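Please look over the sequence and the structure below before reading on.

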Amino acid sequence: MALRQIRYDGDDILRKKCKEVKNMNERIATLIDDMLDTMYDANGVGLAAPQVGILKRVVVIDVEYDEEEDSSIVMLNPEILAKDGEQTGDEGCLSLPGKVATVTRPNHVICRYQNEEMETIEIEAEGLLARAICHEIDHLEGVLYKDVADSPLRNAETQDSED
Ligand code: NI
């Protein structure tokens with residue numbers, strides 16, 4: 001178990017496009033383990049490899065963490081095959097600590113990726129999981145949620161009294 005340093009907004013690496021993972025190896029396996037540790041340590045629901053300084057198409061997500069059961073999803077080379085519907089809500093990111101903004105995302109996506117065994121998986125996702133998948137895939141393209149937000153960033157702790 002090892003924590004990696006999270007890169008913050010303003011770091012050029014967050015703006016670069018990530019490379020495909022062609023095969024599993026020790027280095028990628030360690031990266032995945034460290035990304036899961038880093039995400040849970042920071043109480044995040046998702047983390048993409050560029051957020052720890054690695055320009056590979058690797059994403060970890062867990063939108064329903066509980067101690068009893070492993071609900072983590074590891075995605076290599078994720079891509080969205082279809083999307084529909086719309087959801088508008090607050091979004092945050094471990095690379096922009098303490099901030100949120102309103103972002104509109106598809107409410108339903110079909111996503112294809114490779115798992116840690118390099119098997120191709122297709123999942124349907126809705127709601128928060130669909131949002132997390134879209135957010136993390138954006139990271140692999142160098143896009144941050146503030147780029148696609150409907151509102152300016154605001155402080156997560158502060159209740160916004162205006163509309
Ligand atoms: Ni993020």
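## The surroundings of M75

Which residues does M75 touch, not counting residues up to four places away in sequence? In this predicted model, M75 is in contact with R57, V58, V59 and I61, with C111, Y113 and Q114, and also with I123 and I133, once residues up to four places away in sequence are set aside.

M75 belongs to the largest nonpolar core, which has 18 residues, and together with I61, C111 and I133 it is among the members that touch the most other members. Two or more residues of this core come from each of the strands β2 (58-61), β3 (73-84), β6 (108-114) and β7 (120-126), and from the helix α2 (127-140). Helix α2 provides the largest share, namely seven residues.

## The nickel site

The nickel ion is coordinated by three atoms, SG of C93, NE2 of H135 and NE2 of H139, at 2.1 to 2.2 Å. Along the sequence, these donor residues follow the spacing C-x41-H-x3-H. The pair C93 and H135 links distant parts of the chain, since C93 sits in the loop between β4 (87-91) and β5 (99-105), whereas H135, 42 residues apart from it, sits in helix α2. Both C93 and H135 are buried.

## Two residues with positive phi

N77, which lies in strand β3, has a positive phi of about 55 degrees although it is not a glycine. Is N77 buried or exposed? N77 counts as buried because its relative accessible area is 11%, and the cut-off for buried is under 20%.

M118 is likewise not a glycine and has a positive phi, here of about 65 degrees, but its place is in the loop between β6 and β7. With a relative accessible area of 26%, M118 is partly exposed.

## N25, ahead of the helix α1

N25 is found in the segment before α1 (26-41), and it is partly exposed, with a relative accessible area of 36%. A polar atom of the N25 side chain lies 3.0 Å from the backbone nitrogen of R27. Between N25 and G85, which are 60 residues apart along the chain, the separation of the C-alpha atoms is 37 Å.

Key
Residues are numbered from 1 along each chain as its sequence is written. This is a predicted model: local features need pLDDT of at least 70, side-chain atom pairs count only at pLDDT 80 or more; totals for chains, interfaces and linings use all residues. Side-chain values use heavy atoms; hydrogens and water are left out. A nonpolar core is a set of buried Ala, Val, Leu, Ile, Met, Phe, Trp, Tyr and Cys residues joined through side-chain atoms within 4.5 Å. Buried means under 20% relative accessible area, exposed over 50%, partly exposed in between (1.4 Å probe, protein chains only). Helices (H or I, at least four residues) and strands (E, at least two) are DSSP runs, numbered from the N terminus. Contact means heavy atoms within 4.5 Å. Donors are N, O and S atoms within 2.8 Å of the metal (3.2 Å for Na, K and Ca); water is not among the atoms, so sites may look incomplete. A polar contact is a pair of N or O atoms within 3.5 Å; within protein, one must be able to donate a hydrogen and the other to accept it, and residues adjacent in sequence count only if both atoms are side-chain atoms.
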